[in-house]
Every structure is written in structure tokens, then in C-alpha cells.
Amino acid sequence: MLDRLGKALSFIAAGLGCLLLLGMTFLPGVLHYKPYVVLSGSMAPAIPQGAVVIAVPADPSSLRLGDVIMYDHPELHASITHRIVDIEGDAASPTFLTKGDANQAPDTWTVKYDGKAGKVVLSIPFAGYLYHALGSREGHLVFLIVPVAILCIMYLAEIWRPKVALDRPDTEV
């Protein structure tokens with residue numbers, strides 16, 4: 001019973017790991033979304049620090065007050081996730097004033113997109129910690145090498161385990 005449970009849990013863990021790996025590396029190019037890791041708490045509690053947010057391309061004219069957007073700040077050299085609190089300009093070329101939910105005041109800059117905007121459609125709390133851990137040297141050790149070693153040991157134990165012989169007569173009845 002415990003052996004089956006262990007195998008089931010290992011398959012579930014491997015499946016979740018593969019889904020996370022696919023969801024953060026291969027699928028964004030195919031499904032046209034981009035994952036970002038939220039590094040600050042400026043959008044808490046709606047989007048906590050360490051969350052992964054998924055941004056999809058959106059026409060800037062389709063964005064509304066209250067939408068959460070991703071943009072690159074040219075001076076800070078960082079991607080920012082903030083909520084739209086004001087829209088200026090015409091519908092063809094809007095300019096957005098943004099603010100982090102946890103911040104007291106709106107940002108001191110405005111956002112204008114040259115192409116498609118990054119509209120946040122999904123937030124996965126705390127998944128960013130795992131994503132960053134996978135990219136580190138220690139993360140490679142813990143999440144890649146150790147599981148492979150454990151699976152190898154489990155496989156070798158299975159093939160080296162003595163087989164139990166059943167007492168059966170050599171003749172059929």
C-alpha cells in the first residue's frame with residue numbers, strides 16, 4: 001500500500017514539475033503570454049510579493065481603469081506591475097497613470113505603449129519563489145539532480161530486490 005502511495009506521489013510531483021517547467025519556458029511562446037515574477041509588495045494584497053503573473057498582449061485602447069498592466073520602466077530597467085488609476089489622451093493613443101495597490105500615491109510617471117500592452121490576466125501567489133529557486137545553482141541541485149538521483153536509486157532497488165519464488169509443483173493438474 002505504501003509502495004503504491006509513494007509511486008503515485010512521485011508521479012504527481014514529477015507531473016507538477018513538468019507542468020511548471022512547460023508553463024514558464026515553452027508554452028509562453030506558443031500561447032503568446034509572458035510570465036513575470038513580482039519582486040515587490042506594491043500590489044499586495046491582490047498580488048503578493050513572490051507571485052508569478054501572466055500577461056497577455058492587449059491593444060492599449062482596450063485597457064480600462066482598474067486593469068493591472070505590465071510595463072518596462074526605462075529608467076529603472078525593471079518590469080512593473082501596477083493598476084491603471086487614470087487614462088489620459090485619446091482612445092487611439094492613451095497614456096496611463098498607474099499605482100501599486102499598497103502604495104499611498106500614484107506613480108510619478110505615465111505609461112504609453114508603442115505596441116501591444118501587457119495586461120495581467122492571472123496571478124499565482126508564491127510561485128515566483130519556486131521559479132527563482134529553479135534558476136539558481138542550489139535550485140538546480142535540489143529540483144533537478146536530487147529527484148533524478150532518488151528515481152535512479154528507486155529503480156535500482158526495484159531491479160536488485162530479490163524475487164520471491166512461489167512454491168508450485170512442476171506438473172499441472
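Contact, in these legends, means heavy atoms within 4.5 Å. The model is predicted: local features need pLDDT of at least 70, side-chain atom pairs count only at pLDDT 80 or more, and totals for chains, interfaces and linings use all residues. Residues are numbered from 1 along each chain as its sequence is written, and side-chain values use heavy atoms, with hydrogens and water left out.

View 1. Helices (H or I, at least four residues) and strands (E, at least two) are DSSP runs, numbered from the N terminus. Thr-95 has a relative accessibility of 15% and counts as buried; buried means under 20% relative accessible area, exposed over 50%, and partly exposed in between (1.4 Å probe, protein chains only). With neighbours within four places in sequence set aside, Thr-95 is in contact with Asp-86, Ile-87, Glu-88, Thr-110, Val-111 and Lys-112.

**View 2. The open sheet of 7 strands.** The strand order is β1-β2-β7-β3-β4-β5-β6, with antiparallel pairing; two strands pair if DSSP finds at least two bridges between them. At the edges stand β1 (34-37) and β6 (110-111), each with a single partner strand, so one side of each has no neighbour in the sheet.

**View 3. Strand β2 between its partners β1 and β7.** β1 and β2 run antiparallel and are joined by 4 bridges, with Lys-34 opposite Ala-55 in β2. Strand β2 (residues 52-58) also pairs with strand β7 (residues 117-124), in the antiparallel sense and over 7 bridges. Here Pro-57 stands opposite Gly-118 in β7, and Ala-58 has Ala-117 of β7 as its bridge partner. Of the 7 residues in β2, 5 are buried.

**View 4. The hairpin of β3 and β4.** Strand β3 (residues 68-73) and strand β4 (residues 78-88) run antiparallel, joined by 6 bridges. Ile-69 stands opposite His-82 in β4. There are 4 residues between the two strands, and His-77 in the turn has a positive phi of about 55°.

**View 5. The hairpin of β4 and β5.** β4 is joined by 5 bridges to strand β5 (residues 95-99), and the two run antiparallel. Arg-83 stands opposite Lys-99 in β5. This hairpin has 6 residues between the strands, and Gly-89 takes a positive phi near 85°.

**View 6. Helices α3 and α4.** The axes of helix α3 (residues 127-135) and helix α4 (residues 137-160) come within 5 Å and cross at roughly 100°. Axes are lines fitted to C-alpha atoms, for helices over the stretch in contact, and angles run from 0 to 180 degrees between N-to-C directions. α3 and α4 are therefore roughly perpendicular to each other; angles of 65 to 115 degrees count as roughly perpendicular, under 35 as roughly parallel, over 145 as roughly antiparallel, and the rest as oblique. From α3, Leu-130, Ala-133, Leu-134 and Gly-135 make the contact, and from α4, Arg-137, Gly-139, His-140 and Phe-143. By class, the contact has 4 nonpolar, 3 polar and 1 charged residues; Ala, Val, Leu, Ile, Met, Phe, Trp, Tyr, Cys and Pro count as nonpolar, Asp, Glu, Lys and Arg as charged, and the others, Gly among them, as polar.
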